[in-house]
Amino acid sequence: MYAFAEADDITFQLETLQDLLDPSTRMVLDSLDDPTGQEWLEIGHGLGSIARELSRRIGPTGVVHATDLDARPVPAPADGAPIRTFPLDLRTDELPRRPYRGIHGRLVLLHIPERRAILARLVDVLEPGGVLVIEDWYCPEPPRVLACADPADEKVFTEVVAGILAVLRGRGADLEWAAATKEAFVEAGLIDVRVTRSDADCAGPGLAHRLYACNARQLRAQLIALGVDEGLLDRFQEVAAQPGLVTTGWRLMSTIGTKPDPR
Ligand SMILES: C[S@@+](CC[C@H](N)C(=O)[O-])C[C@H]1O[C@@H](n2cnc3c(N)ncnc32)[C@H](O)[C@@H]1O
């Protein structure tokens, strides 16, 4: 089951994720052909910032379909493509057949054990010549602490983030999947497969550290069940908010491939 399916603070978590990752995703979308008038599918849309970004790029003559476990509506921007949301569990539900010219998903397949079977189904519903973009974090280890006010804080940061990663693994996440996606795309029959990476260092009480703090609050019960000390969790909230904390970032790997067009 998705680790954050029942978490509190989910809106704050998703807003932070969007603010952190949307600039990288926009650069990936910039590298694709002009999508004006196309029909796209956004999987696991969360709060929908990328569905809206696609809508803006596609314009009123195309359409964006956006899907998640619940069908949270996503308002389309003025002069954008309409955004049609619908609920879908990627593990079990059939994907509607449409002439999708593009499919995008970010931080979704990483969490779902059936990711390779889902990838094959995404390729199946993609139009020949269409493009698949899958973005996930490569995050098998906690980020490295590069600077912090008190050397003891490094241990606090590393232990709690290692705990978060252990909880995610226990819920079926594959934290190394991002590095295997290129090979999975090729196996699924896609061509012109390429990967872009971004992994900026994270400083101060910025978005990345805010996200770790939020995740540690959301997964507090599971972290305690794993044996993480409650005092350490409380201290972590302070450490993650420190202006002097600098860590490496997780690497976002964006894999892009095209479905062959036999015509
Ligand atoms: C980490 S959030 C990322 C949200 C959004 N893609 C973004 O990057 O801002 C993961 C999203 O995947 C969705 N998700 C998890 N498991 C899913 C499943 N089995 N089927 C469909 N969506 C799923 C969650 O509901 C959540 O919205």
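This is a predicted model: local features need pLDDT of at least 70, side-chain atom pairs count only at pLDDT 80 or more; totals for chains, interfaces and linings use all residues.
1. Before you browse: residues are numbered from 1 along each chain as its sequence is written. Local features need pLDDT of at least 70 and side-chain atom pairs pLDDT 80 or more, while totals for chains, interfaces and linings use all residues, and side-chain values use heavy atoms, without hydrogens and water.

2. Have a look at the largest pocket, which holds about 900 Å³ of space. (On a 1 Å grid over the protein atoms alone, a pocket is an open set of points where a 1.4 Å probe fits, with protein on both sides within 12 Å along at least five of seven lines; lining residues have an atom within 4 Å of a point.) Its lining has 45 residues, and Tyr2, Leu14, Asp68, Leu107 and His111 lie nearest the centre.

3. Helix H1 (10–30) gives the most to that lining, with 5 residues. (Helices are DSSP runs of H or I, at least four residues, and strands are runs of E, at least two.) The lining of the largest pocket divides into 25 nonpolar, 11 polar and 9 charged residues.

4. The second largest pocket has a volume of about 280 Å³. Of its 17 lining residues, Leu20, Leu21, Ala200, Cys202 and Trp250 are the closest to its centre.

5. Finally, helices H3 (residues 115–125) and H5 (residues 177–187) pack at about 45 degrees, with axes 11 Å apart.

Terms used:
Axes are lines fitted to C-alpha atoms, for helices over the stretch in contact, and angles run from 0 to 180 degrees between N-to-C directions. Grid points are joined across faces, edges and corners, and a volume is the space filled by probe spheres set on the points. Ala, Val, Leu, Ile, Met, Phe, Trp, Tyr, Cys and Pro count as nonpolar, Asp, Glu, Lys and Arg as charged, and the others, Gly among them, as polar.
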